[in-house]
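Have a look at the model first, then read on.

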Amino acid sequence: GAFIQRKLHDYGRSLNLMLLARRSRHFAGTRYLKRGVSDRGKVANDVEHEQIIHDETTSEGVFSSYLQIRGSIPTFWTQESSV
C-alpha cells in the first residue's frame, strides 16, 4: 500500500489532502500472470484508492472522502504459457 499527506492552501482555506492505496493480498500477482477471479471469488490485483480532504478552516473540521476500487474483470480466465 501507499500513503501520502500534503497541506494545501486554496482560496484562503487550509486543507489536508491524504491519498491512500490498499492492495488485496488474496489474489495478487503481475498483471500478465494473474487475471480474472479465483475459486473463492477474489478478483486479481484488487486495489482500493481513497482520497480524504480535511478542511481546517471551519471550527468543526469538515472531512470529505472519495473511494475508488479497481481490479480484474470477475470472470474465470485460463491462458496457455508459451515460455
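## Strands, then side chains

Nine bridges join S2 to strand S3 (residues 47–55), and the two run antiparallel. In that pairing, leucine 15 stands opposite aspartate 55 in S3. Before going further, some ground rules: this is a predicted model, where local features need pLDDT of at least 70, side-chain atom pairs count only at pLDDT 80 or more, and totals for chains, interfaces and linings use all residues. Residues are numbered from 1 along each chain as its sequence is written, and side-chain values use heavy atoms, with hydrogens and water left out.

Strands here are DSSP runs of E with at least two residues, numbered from the N terminus, and two of them pair if DSSP finds at least two bridges between them.

Zooming out, the four strands make an open sheet in the order S1-S2-S3-S4, paired antiparallel. Strand S1 (2–10) and strand S4 (62–70) sit at the edges, each pairing on one side only. From one strand to the next the twist averages 15°, with axes being lines fitted to C-alpha atoms and angles running from 0 to 180 degrees between N-to-C directions.

S1 pairs with strand S2 (residues 13–23) over nine antiparallel bridges, and glutamine 5 faces methionine 18 in S2. S3 and S4 are also joined antiparallel by nine bridges; there, glutamine 51 has tyrosine 66 in S4 as its bridge partner. These two strands form a hairpin with six residues between them, and glycine 61 in the turn has a positive phi of about 70°. Tyrosine 11, in the loop between S1 and S2, has a positive phi of about 50° although it is not a glycine. Tyrosine 11 is exposed at 81% relative accessibility (exposed means over 50% relative accessible area, buried under 20%, partly exposed in between, with a 1.4 Å probe and protein chains only).

Now for asparagine 16, which belongs to strand S2 and is buried at 10% relative accessibility. Its side chain makes a polar contact of 2.7 Å with the side chain of glutamate 56 (a pair of N or O atoms within 3.5 Å; within protein, one must be able to donate a hydrogen and the other to accept it, and residues adjacent in sequence count only if both atoms are side-chain atoms). Glutamate 56 also meets lysine 7 in a salt bridge. Glutamate 56 lies in the loop between S3 and S4 and lysine 7 in strand S1, so the pair ties together parts 49 residues apart in sequence.

How many salt bridges are there by this rule? The count comes to three, taking a side-chain nitrogen of Lys or Arg within 4 Å of a carboxyl oxygen of Asp or Glu.

| Salt bridge | N to O distance |
|---|---|
| Glutamate 56 – lysine 7 | 2.8 Å |
| Arginine 22 – glutamate 48 | 2.5 Å |
| Glutamate 50 – arginine 22 | 2.9 Å |

Salt bridges that share partners join Arg22, Glu48 and Glu50 into one network. Arginine 22 is partly exposed at 35% relative accessibility, and so is glutamate 48 at 25%, whereas glutamate 50 counts as buried at 19%.

Last stop: phenylalanine 63 in strand S4. Is this residue buried or exposed? Phenylalanine 63 is exposed, with a relative accessible area of 54%.
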